[in-house]
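Hello,

Here is the structure I promised to pass on. Have a look at it first, and my notes follow below.

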Amino acid sequence: MTKSELIANLAARFPQLLARDAEMATHAILDAISHTLAMEQRVEIRGFGSFSVSARSSRVGRNPKTGEQVIVPTKKVPHFKAGKDMRERVDQAGSASE
């Protein structure tokens with residue numbers, strides 16, 4: 001699902017919301033999550049999951065074209081861990097389709 005599909009689904013599910021309002025709400029939520037992660041804080045949405053920032057240490061990688069060794073610097077990356085309810089729903093949906 002893309003962001004535009006999410007906005008369209010919200011607008012369809014809640015007819016009292018204008019598409020513009022659904023778009024503003026979606027942007028506000030995603031901006032709040034991004035801003036919190038940029039400050040290296042954790043975001044937890046009960047029943048859905050949690051977002052956090054993980055540090056990846058520097059390592060030696062390879063340029064796939066030339067095979068030359070390249071140093072990949074230390075970086076911070078977002079990490080998502082699904083909540084228990086989310087894992088159970090995905091597991092049930094997977095079992096039903098088999």
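Which residue forms a salt bridge with E40? The partner is K76, and the closest N and O atoms are 2.6 Å apart. By salt bridge I mean a side-chain nitrogen of Lys or Arg within 4 Å of a carboxyl oxygen of Asp or Glu. The pair links distant parts of the chain, with K76 in strand β5 and E40 in the loop between α2 and β1, 36 residues apart.

Before going on, please keep in mind that this is a predicted model, where local features need pLDDT of at least 70, side-chain atom pairs count only at pLDDT 80 or more, and totals for chains, interfaces and linings use all residues. Residues are numbered from 1 along each chain as its sequence is written, and side-chain values use heavy atoms, with hydrogens and water left out.

Helices (H or I, at least four residues) and strands (E, at least two) are DSSP runs, numbered from the N terminus. For accessibility, buried means under 20% relative accessible area, exposed over 50%, and partly exposed in between (1.4 Å probe, protein chains only). K76 is therefore exposed, at 52%, while E40 counts as partly exposed, at 48%. E40 also has a positive phi of about 60 degrees, although it is not a glycine. Most residues other than glycine have a negative phi.

The whole structure holds three salt bridges. R42 and E44 meet in one of them (3.0 Å, N to O), and E44 forms another with R46, the closest N and O atoms being 3.3 Å apart. These salt bridges share partners and join R42, E44 and R46 into one network. R46 is exposed because its relative accessibility is 72%, and R42 is exposed at 52%, whereas E44 is partly exposed at 40%.

Now the strands. β3 (residues 59-62) and β4 (residues 69-72) run antiparallel and are joined by four bridges; strands pair if DSSP finds at least two bridges between them. R59 has V72 in β4 as its bridge partner. The two strands form a hairpin with six residues between them, and G67 in the turn has a positive phi of about 80 degrees.

Finally, the overall layout. The chain is divided into domain 1 (1-39) and domain 2 (43-97), with bounds from an automatic or database domain assignment. Their centres, taken over C-alpha atoms, are 23 Å apart.

Best wishes
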